[in-house]
Amino acid sequence: MTEKEKMLRGEMYDATDAQLVKEQTHAALLCRKLNTVSPDEPQEIDETFCKLVHAEKGSVTVRPPFYVDYGSNITIGKGTYINFGCMILDVCKVEIGENVLIAPGVQIIAATHPTDPEERLTGKEYGKPVKIGNNVWLGAGVIVCPGVTIGNNTTIGAGSVVNKDIPENCIAVGNPCKVIRKLTP
């Protein structure tokens, strides 16, 4: 099994593997290009963005700067809006639904490290997939941690750290993020 296959399965893998470094470099070059395109060239922004992640051309709005690890592990649905300074570490699958609003400074993190210090010294890491439902709003500065699922029609308040699954049809805030109100569907 390749290091990439291990990575995508959420198993411990070597991030310095030549194939992974090559793919990260490719993504970094696309991010660099995306982040330097003039704002008066929205078609060029869209084309570069769609080379980086899985999104239908013309269906997602992104406002650079935007950063990823690989990009190829990210799927984004129609009608999604990504504001300035979004970072997605996609060592595992990151699925973002349709009509999602991502405010400035949001971090979506699928990457993680062992908590055992001896194991961490091996240099190996792993990831956990992240899934964000349809019609979700992630407020400014939200951090979505590895392995989290956020349900449809949910709002996550600014500055929240989402370290556990959040159900659909609710408002959740805080660190750690907790549901403060249920919404009627």
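At 25% relative accessibility, Glu44 counts as partly exposed, a term for residues that fall between buried (under 20% relative accessible area) and exposed (over 50%), computed with a 1.4 Å probe on protein chains only. The model is predicted, so local features need pLDDT of at least 70 and side-chain atom pairs count only at pLDDT 80 or more, while totals for chains, interfaces and linings use all residues. Residues are numbered from 1 along each chain as its sequence is written, and side-chain values use heavy atoms, with hydrogens and water left out.

**Salt bridges**

Side chains of opposite charge can pair when their charged atoms come close. A salt bridge here is a side-chain nitrogen of Lys or Arg within 4 Å of a carboxyl oxygen of Asp or Glu, and a search of the whole structure finds five of them. Among them are the pairs in this table.

| Pair | N to O distance |
|---|---|
| Lys4 and Glu23 | 3.1 Å |
| Glu44 and Lys33 | 3.2 Å |
| Glu56 and Lys78 | 3.9 Å |

In the salt bridge between Lys4 and Glu23, Lys4 belongs to helix 1 (residues 3-8) and Glu23 to helix 2 (residues 18-36), so the pair ties together parts that are 19 residues apart in sequence. Helices (H or I, at least four residues) and strands (E, at least two) are DSSP runs, numbered from the N terminus. Lys4 itself is partly exposed, with a relative accessible area of 22%.

The side chain of Glu44 meets that of Lys33 in a salt bridge, and this pair links distant parts of the chain, eleven residues apart, with Glu44 in helix 3 (residues 42-52) and Lys33 in helix 2. Lys33 is partly exposed at 36% relative accessibility.

For the salt bridge of Glu56 with Lys78, Glu56 sits in the loop between helix 3 and strand 2 (61-62), and Lys78 in the loop between strand 4 (74-76) and strand 5 (81-82), so parts 22 residues apart in sequence are tied together. Glu56 is partly exposed at 46% relative accessibility, and Lys78 is partly exposed at 44%.

**Two buried residues**

Ser160, found in the loop between strand 16 (155-156) and strand 17 (161-162), counts as buried because its relative accessibility is 0%. Leaving aside neighbours within four places in sequence, Ser160 is in contact (heavy atoms within 4.5 Å) with residues including Gly141, Val142, Ala172 and Cys177.

Thr112 has its place in strand 10 (residues 111-112), and at 19% relative accessibility Thr112 also counts as buried. Not counting residues up to four places away in sequence, Thr112 touches Glu125, Tyr126, Gly127 and Pro146.
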